[in-house]
Amino acid sequence: MEDTELHTVSFKLNGHVQVLQVAPRRSLTHVLDQECGMKSARVGCGQGDCGSCTVSVDGVPIRGCLLFAVQADGADIRTAEALADPAMLAAIRKAFKKHRAIQCGYCTPGFMILAEYILRNALPLDQAVQTLSANLCRCTGYSPIVSAVTELLALRAENGCGP
Amino acid sequence: MYPAPFLYHRPSGLHQALELLSRHKTDGVILAGGQSLVPRMNLRQETPKNVVDLNRIADLSTLAVVDDVLEIGAMVRHQSLCWDAEVSGLSLPSGFAQLLGRMAGAIGNLPIRLRGTIGGSLANASPKAQWALLSLLLDADIVIENAGGARCERYAEFLNRDGRTTLKPGDMITRVKIKVPSAHWRYGFAQLAPQQNRPTSAFALAAVTLQDACVRDCRIAVGACTPVPCRLQALEDWLSGRPASVDGGNDLADVAKAAVRQQAFDLEPYLEHLAAVAITRAVAQALGH
């Protein structure tokens, strides 16, 4: 059976409305990468295990490989290219760089989505670490990522709100 | 990694969904949270011709207490039961609300909990599912609907000993009903996993009431290491009437192990050991040690 039906899907991607024709079997991550040019959206295991595909859907981190693009109709989607607030995105990038929380970089966009969620909700450190444990990183050994997020949380607490 | 092609249906109401399911009895599946179904579809272990997506049916996501019965809509996400705000609005006994939060929080990880649903978990009937353990221990009623009508099944009858459910093609779980336990009940929940966020190897849930510093009522269930979650009658009988200070050490562990063996699942010795550890911890927690 070939893809006989295409669905019209419209969603907000990083603040801009996108209207696309998609076959129902295509995952959100595939569509963001291949149709919308969001190179931070990448599939790792395709099983919901690794978290490389994590994107923000309606303000929460979601496994993009387990959501069909057609299900995202009407959603507000953010990818690591343009997380909610440019200042926060810059701060996250800076902290990741400073703490060397990146090696090969494949998992990095997924971790940035988690980091932004943690900061926006000002999660306590233990919950932040637990949230970060949703994704896999095979290079860094995690502690640089945890240090980066810890520093971001401390900065956030100092400044009263977002860094 | 692409699933096989399928036709996608997005009903906006329950009636329409049940119609679709009855029309596609042989080759249709229900898409709830998709956190177990979609991985299988990606691996083409599952190749449905029709997928019925329940995510736009608002009626299935309600959470309410009606006549002292907690009614959880099938599409309520695991994370909704973690968030105090959603559960605290129901004025449940605090111990019970905390238990719901702790068990929901023990499922997978945040992105998974934000999508996965209680109805999907129960229909999926994985032996490692936290909601199966809770439903068994608290005698939850599962409301199942199809185009022909609705029925209600006690969880112990809903799940057979071979791990299969009584769900037939065209059936859909729409609600789970749990009688809200009185505030006297105290709970303990212990889960053993190789590491956090990985599938659990064994978990146990204990609920007790105390009278004059002795155990009055008690219910204990174990799962994940067994093919289906099970109540441990022998251990419950042993514990009833004992002082609440009962030693969480060797005696309890031995009785727990014997009670698990009595279930005749023929477990590997290390699994029996894990079961005993989980049970001992859950009981100790419930007794407030």
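**Chain B in a predicted model**

Colleague: What share of the 289 residues of chain B count as buried, and what makes a residue buried?

Modeller: Of the 289 residues in chain B, 47% count as buried; a residue is given that word if 20 or more other C-beta atoms, placed from the backbone, lie within 10 Å of its own, while one with 12 or fewer is exposed and one in between is partly exposed. This is a predicted model, in which local features need pLDDT of at least 70, side-chain atom pairs count only at pLDDT 80 or more, and totals for chains, interfaces and linings use all residues. Residues are numbered from 1 along each chain as its sequence is written, and chains are lettered from A and ligands numbered from 1 in the order in which they are written.

Colleague: How many helices and strands does chain B have, and how does its radius of gyration stand against the globule rule?

Modeller: Chain B has 12 helices and 12 strands, where helices (H or I, at least four residues) and strands (E, at least two) are DSSP runs numbered from the N terminus. The radius of gyration of chain B is 19 Å and the globule rule gives 19 Å for 289 residues, so chain B is as compact as a globular protein of that length; the radius is taken over C-alpha atoms, and the rule is 2.2 Å times the number of residues to the power 0.38.

Colleague: Why are strand 4 and strand 7 of chain B said to stand at the edges?

Modeller: These strands belong to an open, antiparallel sheet of 5 strands in chain B, in the order 4-5-8-6-7, and two strands pair if DSSP finds at least two bridges between them. Strand 4 (63-66) and strand 7 (149-154) of chain B each have a single partner strand, so one side of each has no neighbour in the sheet.

Colleague: How do you know that strand 6 and strand 7 of chain B pair?

Modeller: DSSP must find at least two bridges, and strand 6 (residues 141-146) and strand 7 of chain B are joined in the antiparallel sense over 6 bridges. B:Val143 has B:Cys152 of strand 7 of chain B opposite.

Colleague: Which domains does chain B have, and what makes up the contact between domain 2 and domain 3 of chain B?

Modeller: The assignment, which is automatic or from a database, gives chain B domain 1 (7-53), domain 2 (58-179) and domain 3 (186-286). The centres of domain 2 and domain 3 of chain B, taken over C-alpha atoms, are 22 Å apart. Their contact takes 17 residues from domain 2 of chain B and 19 residues from domain 3 of chain B, two residues being in contact if their C-beta atoms, placed from the backbone, lie within 7 Å. On the domain 2 side, helix 5 (94-105) and helix 8 (130-137) of chain B each supply at least two residues, and the largest share, 5 residues, comes from helix 8 of chain B.
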